[in-house]
Amino acid sequence: MSIKSGTGNAEEKRITRGGHIATGTSAERRAKTAKNGTQRSASTRQALIDAAHDVFIEMGYFDARVSDIVKRADVAHGSFYTYFPSKREVFQAVVDQVGVLIANAVATQPDDARGDVYGNLERANRRYLRVHHQHSRILALVEQVATADDEIQKTRLAARAKHVARIERTISHLADRGLAEPDDDTHTTAGALVSMLSSFAHWSTLDPDYDEDRVSVALTRIWARAIKLRRQSATT
């Protein structure tokens, strides 16, 4: 979980997410594993991520220890550092995997219908809400950890910026096609829509009367009204 600094220098250093230069045996093992990854090493790494996911949910981020993670994964303590420099990096790996699920949820899927803009929007919102509910505890931890960890906060902000940019492009594309009205401030509108959906998804996990169908329909209606999406673009 590190990036390289330099351009092929034989003394090239490796820098962790936290900005520290990784050195020593564990850094060498991580470099070797990254370069010569095998199915077994990938399996071990995933086992650590899965174990970390469960430990973080049970204990919280700040109380969880690397020793708890390796015990759950049934992996030698030293092996952890072959794959991750610290607890932060394995937490980030857990969050990254949830991020992939969210990205896939809002992307075009086989059940989307060509030309059914409104219906596809509702289906994407429904898939997003479902993934958020399934991983709500990890996503809530991200919010908590970000208040104390600048690196996690940067990752969180980068993820939000990516989603806002995606919605901004969608709004502009729909306006160009005459399916929505042009917006003088598409960026702000996109940010507000992202905030609405993510915030509602977070709080809805505490709602004992949460109903996926009802919520998906209502949120999509609000979304469509915000950009004045024309309902005749939907297939009925």
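F56 and Y61 are both buried (buried is under 20% relative accessible area, exposed over 50%, and partly exposed in between, with a 1.4 Å probe and protein chains only). The model is a predicted one, in which local features need pLDDT of at least 70 and side-chain atom pairs count only at pLDDT 80 or more, while totals for chains, interfaces and linings use all residues. Residues are numbered from 1 along each chain as its sequence is written, and side-chain values use heavy atoms, with hydrogens and water left out.

Across the whole structure, 6 aromatic pairs are found; rings of Phe, Tyr and Trp (its six-membered ring) pair if their centres lie within 6.5 Å, and planes under 30 degrees apart count as stacked, over 60 as edge-to-face and the rest as tilted. One of these pairs, F56 with Y61, is tilted, at 5.6 Å centre to centre and 35° between the planes. The pair of F56 with F91 is edge-to-face, with 5.2 Å between the centres and 90° between the planes. F56 belongs to helix α2 and F91 to helix α5, so this pair ties together parts that are 35 residues apart in sequence. Helices (H or I, at least four residues) and strands (E, at least two) are DSSP runs numbered from the N terminus. F91, like F56, is buried. F56, Y61, F62 and F91 form one aromatic cluster. The ring of Y61 also has the charged end of K87 over it, 4.4 Å from the ring centre; for this assignment, NZ of Lys or CZ of Arg must be within 6 Å of the ring centre and within 35 degrees of the ring normal.

The salt bridges number 13, each defined as a side-chain nitrogen of Lys or Arg within 4 Å of a carboxyl oxygen of Asp or Glu. D149 and R88 meet in one of them, at 2.9 Å from N to O. This pair links distant parts of the chain, 61 residues apart, with D149 in the loop between α7 and α8 (150-176) and R88 in helix α5. D149 is buried, at 11% relative accessibility.

R127 pairs with D111 at 3.2 Å, N to O. As R127 lies in helix α6 and D111 in the loop between α5 and α6, the contact ties together parts that are 16 residues apart in sequence. R127 is buried, at 13% relative accessible area, whereas D111 is partly exposed, at 47%. Both residues belong to a network of salt bridges that links D111, D112, D116, R123 and R127. The bridge between D213 and R126 has its closest N and O atoms 2.4 Å apart. D213 is in helix α10 and R126 in helix α6, so parts that are 87 residues apart in sequence are tied together. D213 is partly exposed, at 48% relative accessibility, and R126 is buried, with a relative accessible area of 17%.
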